[in-house]
Amino acid sequence: MNVRSQRIPRRQLLRGVGAALALPWLEAMGSTLSAGVQTDSTAPIRLGVLFMPNGVRPGKWIPERSGEDFQLSEMLQPLSPFQKETLVLSNLWNRASKPGDGHYVKTAGLLTSKTINKTTGVDLNCNGISMDQIAASHLGKLTPLPSLELGIEPVPTGVDGVVGYTRVYGAHISWRGPTQPLAKEIHPRLVYERLLRSTRPRSEDSLADKQLLDLVLEEANQLRATLGANDRRRIDEYLDGVRSLEQRIQRLEDEDGRIWKPRASLDTAVPPPESIPEKHAEHVRLMLDLIVLAFQTDVTRISTLMLGNSVSNINFSFLEGVSEGFHSVSHHENKEDKLAQYQRIGTWHVEQLAYLLERLRHCQEDDSNLLDRSMILFASDLSDGNAHNPHNLPVVLAGRAGGRLRTGRHLQYSPDTPLANLYVTMLTALGMDIQQFADSTGPMENVLA
């Protein structure tokens, strides 16, 4: 017979000297949450966005059949374990991105469905607010962080002389306001610190070099002794996972002898951190793990991850059969060698989505799991990179949003259905009363349960 856990608050933190660690959901937290926080009857729903630049290989993305009886295309095969939790959406486009040449209008306007102002300088204007930030305005007051913006590549400088846009546009998909792009964090350790450490300054003694769990372990053990068997197992798995993630980051930083040290105060200029993983695949996986951790602890319910900037030419030669950068092979000129590389890179990105979905599915929350209580949008801002085609964008929506989405289907809409319709649908699933977003004509048919 299980010992019933003592009742503890949902916002319970494990605290040590200069550190605080949020807990995952435990049975002892019960179904009634503190005032101002959603109750169990309206369980927390998370929204994640994964942006992939440069489009996908033509003819290899869209499933042949629609409806429930569809088979995943070649490039979508990594999602086979999650087919019942996935929606593949065809024939969507962002009309506002058509006026601009190249990539920048498409990238910066992906989540706003608005046309950016053409500029070579600092006077950025996307003419809207991105969908994720509208969601953050609704849910952000319930969590310590309204949203979390992540990336892999730093913000570039200068002007793209081919199309005449500042490259800064190509490094942002999240906009708090028309002239307010949200800075993304590309350094895993800094994201980790932001999520798991308190903002109180630490002294420069030996405590500054101790790992987070060392600081909170005593309180964790005291709490564990008061919990029932299920919660003890859950908290052990959670702490083991955090320790593993921390050790992975530490190991990566130790490889070249550079150990992360606390940064100076925010108003003090400091050089960029140096210990970002050199291996692209490891960098991406760490960022995905951090999204899971952020969602699991409920530090935030909104996160975006740019898997590359506009015109990203990350070298994917670590993949078998690939010898060039991403942007280079996206301009394939219908040459089979480049098309094959283009397809392999795109499939690799879908594999990363599958990795995130598996991690979320593994995280139990109440009588459900994080995948069932999330919406994960995976999209590129153009279809065929060679033609910079803004029509029929590659779009996947995974997760059931707490049962509010009807998943497990390939839905083919009329050509050039507004992408903004999907955003209306997603915001509605988050509990918002949204009648209009950009050029939307209404919610997507057959998506909401």
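Which residues form one aromatic cluster?

Modeller: Happy to! This is a predicted model, in which local features need pLDDT of at least 70 and side-chain atom pairs count only at pLDDT 80 or more, while totals for chains, interfaces and linings use all residues. Residues are numbered from 1 along each chain as its sequence is written, and side-chain values use heavy atoms, without hydrogens and water.

Your cluster is made up of Phe-316, Phe-318, Phe-326, Tyr-342 and Trp-348. In total, the structure holds 10 aromatic pairs (rings of Phe, Tyr and Trp, taking its six-membered ring, with centres within 6.5 Å; planes under 30 degrees apart are stacked, over 60 edge-to-face, the rest tilted). One of them joins Tyr-165 to Tyr-169, edge-to-face, with 6.4 Å from centre to centre and 70° between the planes. Tyr-169 also pairs with Trp-175: their centres are 6.2 Å apart and their planes at 40°, so this pair is tilted. Both Tyr-165 and Tyr-169 are buried (under 20% relative accessible area, with exposed over 50% and partly exposed in between, using a 1.4 Å probe on protein chains only). Trp-175 has 0% relative accessibility and therefore counts as buried too.

Elsewhere, the charged end of Arg-285 sits over the ring of Tyr-355, 3.9 Å from its centre (the rule is NZ of Lys or CZ of Arg within 6 Å of the ring centre and within 35 degrees of the ring normal).

Strand 10 belongs in this tour as well. It spans residues 302-306 (strands are DSSP E runs of at least two residues, numbered from the N terminus). Five of its five residues are buried, so strand 10 is largely enclosed by the rest of the structure. Ile-302, Thr-304 and Met-306 point one way from strand 10, and Ser-303 and Leu-305 point the other way. In a regular strand, side chains alternate between the two faces of the sheet.

Strand 10 runs parallel to strand 3 (residues 46-51), joined by five bridges (strands pair if DSSP finds at least two bridges between them). Here Leu-47 has Ile-302 as its bridge partner.

Conventions: Helices (H or I, at least four residues) and strands (E, at least two) are DSSP runs, numbered from the N terminus.
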